[in-house]
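The entries follow in the order in which I went through them.

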Amino acid sequence: MSDFILRATDQDNHVRMFVAETKELVEQARIYHTTSPVATAALGRLLTAGSMMGIMMKGDKDILTLQMRGDGPIGNVLVTADSKANVKGYVGNNLVDIPLKDNGKLDVSGAVGKGTLMVIKDLGLKEPYNGTIELVSGEVADDLTYYFASSEQTPSVVALGVLVDKDYTVRQSGGFILQLMPDCPEEKIKQIEKNLSVLPSVTSMLENGQGAEGIIAMVMTGLNPVIREKSSTEYQCDCSKDRVEKALLTIGKTELQQLIDDGETVDMSCHFCNTHYEFSVEDVENILNNL
Ligand code: ZN
């Protein structure tokens with residue numbers, strides 16, 4: 001198991017925490033999408049959050065979608081996750097290149113711009129759960145912190161970090177989500193605030209060799225944390241020619257007939273992993289006949 005998520009709580013289950021190490025899966029996303037450093041950071045942060053929020057879901061078939069729509073040059077950033085923490089995602093503009101921030105960090109909020117964050121949970125009910133917030137910073141972690149407080153009424157702390165190396169590969173990636181249960185006593189909240197006030201960034205903790213366990217120990221100092229579960233997480237695309245065919249169907253009869261008349265092979269690629277699927281004129285005719 002390379003990438004993984006740890007779930008920890010204090011002894012009394014007043015506080016729960018998920019910590020993810022996601023270097024491999026974010027690097028996989030970078031390879032699939034040939035993302036620029038700032039696009040790698042934006043997508044990587046959202047993938048990391050998606051992996052942890054995926055595992056919070058209970059049902060085998062539950063699907064989470066996180067979508068950031070801002071007016072910045074990166075366009076849409078979309079991630080989906082299942083309850084086994086299999087994640088995939090894409091960005092609108094994989095090559096976005098903007099100056100670093102004054103502190104030398106990648107300017108994710110500048111790439112994302114102003115807009116909304118949508119969280120959709122398909123839990124197998126009639127209607128999927130849908131929560132949308134205005135982006136508060138576009139840095140992803142702050143936006144999710146606000147989402148949890150306003151849409152799920154769960155006081156949370158979200159921290160996410162992706163460190164891109166000089167050769168553009170992913171050097172470090174990870175994050176955590178800490179949540180307070182409704183009966184959490186005031187002294188524990190004060191202790192956590194104290195711990196957070198001196199906490200380094202996620203990427204510097206990972207860079208200093210503090211893995212997920214070290215991060216739990218630091219964030220939950222004084223709370224006697226217990227690690228309850230370890231789960232693997234990975235980038236996984238489940239596309240197939242059948243699925244891509246469904247997307248082709250949505251363009252409508254007239255357009256499909258046009259494609260047949262043009263007599264050209266249709267080349268479609270998967271948004272999530274860029275696998276190419278070819279549909280011959282005969283394939284398109286069959287699709288049309290089956291409509
Ligand atoms: Zn795919």
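Which side chains meet in a salt bridge at 3.0 Å, N to O? I found that they are those of D60 and K84, where a salt bridge is a side-chain nitrogen of Lys or Arg within 4 Å of a carboxyl oxygen of Asp or Glu. D60 lies in the loop between α2 and β3 and K84 in the loop between β4 and β5, so the pair ties together parts that are 24 residues apart in sequence. I noted D60 as exposed, with a relative accessible area of 62%, and K84 as partly exposed, at 45%; buried means under 20% relative accessible area, exposed over 50%, and partly exposed in between, with a 1.4 Å probe and protein chains only.

Before going on I wrote down the terms of the record: this is a predicted model, in which local features need pLDDT of at least 70 and side-chain atom pairs count only at pLDDT 80 or more, while totals for chains, interfaces and linings use all residues. Residues are numbered from 1 along each chain as its sequence is written, and side-chain values use heavy atoms, with hydrogens and water left out.

**Other charged pairs**

By the salt-bridge rule I have a count of 13. One of them joins R45 to E139, with the closest N and O atoms 2.7 Å apart. R45 lies in helix α2 and E139 in the loop between β7 and α4, so this pair ties together parts that are 94 residues apart in sequence; R45 and E139 are both buried. I also looked up K88 and D238, whose side chains meet in a salt bridge at 2.9 Å, N to O. Since K88 lies in strand β5 and D238 in the loop between β11 and α8 (241-249), the pair ties together parts that are 150 residues apart in sequence. K88 counts as buried at 12% relative accessibility, whereas D238, at 40%, counts as partly exposed. Finally, I recorded a network of salt bridges that links D10, D12 and K188.

**The sheet of six strands**

Helices (H or I, at least four residues) and strands (E, at least two) are DSSP runs, numbered from the N terminus, and two strands pair if DSSP finds at least two bridges between them. I traced an open sheet of six strands in the order β7-β6-β3-β4-β5-β11, with mixed pairing. At its edges stand β7 (129-134) and β11 (234-235), each with a single partner strand, so one side of each is left without a neighbour in the sheet. Strand β5 (residues 86-91) pairs with β11 in the parallel sense over two bridges, and the bridge partner of N86 in β11 is E234. Helix α2 (residues 37-55) packs on this sheet, touching β3 (63-70), β4 (76-82), β5, β6 (115-122) and β11, and its direction makes about 30° with that of β4. Contact here means heavy atoms within 4.5 Å; axes are lines fitted to C-alpha atoms, for helices over the stretch in contact, and angles run from 0 to 180 degrees between N-to-C directions. Helix α4 (residues 141-151) lies across β3, β6 and β7, running at about 120° to β7.

**The sheet of five strands**

I then followed an open sheet of five strands in the order β8-β9-β2-β1-β10, paired antiparallel. Its edge strands are β8 (156-164) and β10 (226-232), each of which pairs on one side only, and the twist averages 10° from one strand to the next. Strands β2 (residues 15-21) and β9 (residues 170-180) pair in the antiparallel sense over seven bridges, with F18 opposite I177 in β9. Helix α1 (residues 23-33) packs on the sheet, touching β2, β8 and β9, with its direction at about 120° to that of β9. Helix α5 (residues 186-197) lies across β2, β8 and β9 and runs at about 160° to β9.

**The zinc site**

Which protein atoms are the donors of the zinc ion? They are the SG atoms of C237, C239, C270 and C273, lying 2.2 to 2.3 Å from the ion; donors are N, O and S atoms within 2.8 Å of the metal (3.2 Å for Na, K and Ca), and water is not among the atoms, so sites may look incomplete. The angles among the four donor atoms are 104 to 115°, and the site is tetrahedral, a term that for four donors requires all angles to lie between 85 and 135 degrees. C270 and C273 are both buried.

Technical notes: Tetrahedral: all angles 85-135°; square planar, octahedral: opposite > 155°, others 65-115°.
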